[in-house]
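Subject: Structure handover

Hello,

Here is the structure for your files. My notes on what turned up follow below it.

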Amino acid sequence: MNKPNIVILGAGYGGIMTTVKLQKKLGVNDARITLVNKHDYHYQTTWLHENAAGTLHQDRTRLPIKDVVDFSKINFVQDTVVSIKPDEKQVILENGQLEYDYLVVALGFEAATFGIPGLLENAFTINNINSARLIREHIEYNFAKYNNEAEKKQERLNIVVGGGGFTGIEFVGELANRIPELCKEYDIDRSQVRIINVEAAPTVLPGFDPALVEYAMNSLEARGVEFKVGAMLKECTPNSIIIEKDEKREEIPTNTTVWAAGVRANSLVEESGLEVNRGKVEVQPDLRAPSHPDVFVVGDCALIMNEDTGRPYPPTAQIAIQEAEVAAHNLAILAGGGTQLESFSYNDRGTVASLGHDDAIGVVFGDKKLFGWSASVMKKVIDNRYLLKLGGIGLLLKKGKFNIFG
C-alpha cells in the first residue's frame with residue numbers, strides 16, 4: 001500500500017495537537033505528514049488578552065513549532081493557505097500547492113462584525129500575536145500622547161471593549177491591573193481613565209452561573225471597570241462609539257475600541273465548497289466532513305451539536321484539543337488500512353475565566369464553583385497541563401506559569 005499524504009492546515013490548538021499525536025502514532029514509513037502554518041510558531045490563543053493588555057510579553061505566548069514537532073517525521077511548510085479544493089484533493093498556498101489523501105482543516109477563527117458600521121475599519125480585535133501587540137502599543141501610545149498635547153483629549157484614555165463573553169471579560173480584567181501601572185508611568189490620574197465593557201445581553205458571561213457572574217462584576221467594578229449591559233454597539237468611528245440601550249443612544253469618545261463579541265470560522269472553509277452550517281462544517285461523529293470523507297475538521301472550523309442543549313458546543317481550546325486526539329487516532333487507523341473509526345464525545349472538564357493576575361472564576365469537576373485566588377491557581381494548572389501534554393516537561397519548564405500569586 002502506498003503511503004498516504006496527510007496534510008494538516010493550521011497550527012492552532014487543534015492542528016498542532018493533531019500533528020504531535022500523529023508523529024507518535026505513525027512512523028515515516030506509514031505516512032507522509034505535512035503541517036502548514038503561516039508562522040513558524042504556535043501560540044496560546046487563551047493568553048492573547050494578556051499580551052494585548054501588556055501584562056504578559058508575547059514571547060511567552062509564542063511556542064516555536066520546532067520545539068514540539070519532530071521535523072524528521074513531519075514536513076513543515078511555512079506558508080499561507082489561499083484556498084482548499086476538496087474535489088481535487090488540493091490545497092493552494094501563496095507559494096505553491098499540496099496534494100493530499102487526507103486533510104485536516106484546523107484554520108481557526110476570524111472576527112465576526114455582524115455588519116456594524118465602522119467596526120471592521122476602526123476597531124481592534126484580539127486574533128493573533130500581532131493584533132494583540134498592536135492593541136498594547138496603541139494603548140501605550142495614547143497614554144504617552146495625553147500629556148504631550150495642549151488640549152487633553154479624553155478619547156485617548158477611554159478604552160471600550162465590545163463583548164462581555166470570555167475574551168472581553170478576561171481582557172478587561174488584565175486592563176484593570178495594567179492601567180494603574182500605565183498611569184504611574186505616564187503621569188496620569190487613574191480617575192481620568194475609563195475601561196468600558198459593552199454587552200448586548202442582559203448580563204456579562206451569558207450562560208455562566210449567576211453567583212460567579214456577580215463575583216466577576218463586583219471584582220472588576222472595584223478596579224474601575226464600567227459595564228453597559230443590554231446595550232447594542234451601533235457604530236464605531238476612529239474616535240468614538242455609539243451604543244443604544246432602551247431606545248436611547250449614547251456616544252462615547254474613544255480612540256480604542258476592542259471588539260471581542262464574536263468570531264466565525266475561517267472564511268476559507270465556506271469558500272472551499274465543503275458543506276457548511278453557519279460557516280462551519282457540521283462534522284460526522286468521527287470528525288469527517290459529510291460531503292468529503294477524506295477531510296477532517298477540528299477546532300473553530302468544526303460544528304458539533306450538544307444534544308443536551310440543542311446548541312453547538314462553543315469553540316474552546318479544550319474541545320479543539322480533544323477533537324485533535326480523536327482525529328489523530330482515526331487518521332492513524334486509516335493510514336494503516338483500517339475502517340473502524342472512533343466517534344468524538346466531548347468531556348467537559350470545566351471552565352475557568354481569568355479576571356487578572358490572582359483573580360478568576362470557574363466551574364470544575366462537574367459543578368464545583370471556584371472564586372478568586374483558588375480559581376486563578378486552577379487556571380494556571382490548566383494552562384500548564386496543556387503545555388505538558390503538547391511538549392512534555394521541557395516545554396512546561398520553558399513556558400509554564402508557576403507563580404501562583406501573579
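Which side chain meets Glu 250 in a salt bridge? Lys 228 does, at 3.5 Å from N to O. A salt bridge here is a side-chain nitrogen of Lys or Arg within 4 Å of a carboxyl oxygen of Asp or Glu.

Before the rest, the ground rules. This is a predicted model, in which local features need pLDDT of at least 70, side-chain atom pairs count only at pLDDT 80 or more, and totals for chains, interfaces and linings use all residues. Residues are numbered from 1 along each chain as its sequence is written, and side-chain values use heavy atoms, with hydrogens and water left out.

Salt bridges

Back to that pair. Glu 250 sits in strand S17 (residues 248–253) and Lys 228 in strand S14, 22 residues apart. Helices (H or I, at least four residues) and strands (E, at least two) are DSSP runs, numbered from the N terminus. Glu 250 is partly exposed, at 33% relative accessible area. Lys 228 is buried, at 18%. The cut-offs: buried is under 20% relative accessible area, exposed is over 50%, and partly exposed is in between (1.4 Å probe, protein chains only).

The salt-bridge count comes to 19. One of them joins Arg 178 and Glu 140, at 3.0 Å from N to O. This pair links helix H6 (Arg 178) with helix H5, residues 129–146 (Glu 140), 38 residues apart. Arg 178 is buried, at 11% relative accessibility.

Arg 223 also forms a salt bridge, with Asp 359; the closest N and O atoms are 3.7 Å apart. Arg 223 lies in the loop between H7 and S14, and Asp 359 in the loop between strands S26 (350–354) and S27 (360–364), so the pair ties together parts that are 136 residues apart in sequence. Arg 223 is partly exposed at 21%. Asp 359 is buried at 10%.

Aromatic pairs

The whole structure holds seven aromatic pairs. Rings of Phe, Tyr and Trp (its six-membered ring) pair if their centres lie within 6.5 Å; planes under 30 degrees apart count as stacked, over 60 as edge-to-face and the rest as tilted.

Take Tyr 13 and Tyr 386. Their ring centres are 5.1 Å apart and their planes at 70°, so the pair is edge-to-face. Tyr 13 is in helix H1 (residues 13–25) and Tyr 386 in helix H10 (residues 372–399), so the pair ties together parts 373 residues apart in sequence. Tyr 13 is buried, at 9%. Tyr 386 is buried too, at 7%.

Phe 166 and Phe 208 make a tilted pair, because their centres are 5.7 Å apart and their planes at 55°. Phe 166 is in helix H6 (residues 166–185). Phe 208 is in the loop between strand S13 (194–199) and helix H7 (210–222). Phe 166 is partly exposed at 30%, whereas Phe 208 is buried at 16%.

H1 has 13 residues, 11 of them buried, so it is largely enclosed by the rest of the structure. Its buried residues include Tyr 13, Gly 14, Gly 15 and Lys 21. H1 reaches 18 Å from first C-alpha to last, close to the 18 Å expected at 1.5 Å a residue. That expected span is 1.5 Å times one less than the number of residues.

Thr 18 is in H1 and is buried, at 0%. Beyond its neighbours within four places in sequence, Thr 18 contacts Ile 8, Val 104, Val 298, Ala 324, Ala 327, Ala 328 and Leu 331. Contact means heavy atoms within 4.5 Å.

Leu 48 is in helix H2 (residues 48–53). Leu 48 is buried, at 0%. Its C-alpha is 9.8 Å from that of Glu 170, 122 residues apart along the chain.

The sheet

An open sheet of five strands runs S11-S18-S12-S13-S14, with parallel pairing. S11 (124–125) and S14 (225–229) are at the edges with a single partner strand each, so one side of each is left without a neighbour in the sheet. Strands pair if DSSP finds at least two bridges between them. Five bridges join S12 (residues 158–162) to S13. Asn 158 stands opposite Arg 194 in S13.

Best wishes
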